[in-house]
Amino acid sequence: GGENVKRHYDGGGVGRIENASGTFQLVDESDSRFKENIAATVLTGLETINAVDVIDFDRKKNGIRVVGGFTAQQLLDVFPAAVSGAEDDVDADGNIEPMAVAKEKFVPLLVKAMQELSAKVAALEAAQ
């Protein structure tokens, strides 16, 4: 199990670093006691996942090949929750402030898509 550390929760925390059986992990606090207006998600899992372009590319700076990635610009159109920054952001010296993708934001979306697929499979099996 994780380290047993007493914490005082005021509902304002967002996450922490933990050691669980020797495995380093970042965790988001998700206790329902600190949430309200809980409702089923508005995410459309399969529709959104199918709209995501998964690409291979070479990084301009070092030529390293990346297999299976994204562009923030394309995701901004289909799944903006995973994107930070803006297309034209620059710092005071005019250097590009790059847009970024938070891949952990895909976890709930992927779970929703799997649930939708599971429901489709169950419906197809029931129809046979």
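Me: How do strands β1 and β2 pair, in the parallel or the antiparallel sense?
Reply: Good place to start! In this predicted model, β1 covers residues 15–20 and β2 covers residues 23–28, and the two pair in the antiparallel sense over six bridges.

Me: What do β1 and β2 form, and how many residues are between them?
Reply: They form a hairpin, with two residues between the strands. One detail to look for in the turn is Ser21, whose phi is positive at about 55°.

Me: Which residue in β2 does Glu18 stand opposite?
Reply: Look across to Gln25, which is the residue of β2 that Glu18 stands opposite.

Me: Now for charges. What should I look for when reading a salt bridge?
Reply: Side chains of opposite charge can pair when their charged atoms come close. The cut-off here is 4 Å between a side-chain nitrogen of Lys or Arg and a carboxyl oxygen of Asp or Glu. By that rule, the count for this model is four salt bridges.

Me: Which residues does Arg16 meet in salt bridges?
Reply: One is Glu18, at 2.8 Å from N to O. Another is Glu29, where the closest N and O atoms are 3.2 Å apart. The Glu29 pair ties together parts that are 13 residues apart in sequence, because Arg16 lies in strand β1 while Glu29 lies in the loop between β2 and α1 (45–51).

Me: Are Arg16 and Glu29 buried or partly exposed?
Reply: Under 20% relative accessible area would mean buried, and over 50% exposed. Arg16 has 23%, so Arg16 is partly exposed. Glu29 is partly exposed too, at 28% relative accessibility.

Me: Where does Arg65 come in, and what is its partner?
Reply: Arg65 forms a salt bridge with Asp58, and their closest N and O atoms are 3.2 Å apart. Arg65 is partly exposed at 48% relative accessible area, and Asp58 is partly exposed at 47%.

Methods
Residues numbered from 1 in each chain as written. Predicted model: local features only at pLDDT ≥ 70, side-chain atom pairs only at ≥ 80, totals over all residues. Heavy atoms only, no water. Pairing = 2+ DSSP bridges. Helix = DSSP H or I, 4+ residues; strand = E, 2+ residues; numbered from the N terminus. Buried < 20%, exposed > 50% of the residue type's maximum accessible area, 1.4 Å probe, protein only.
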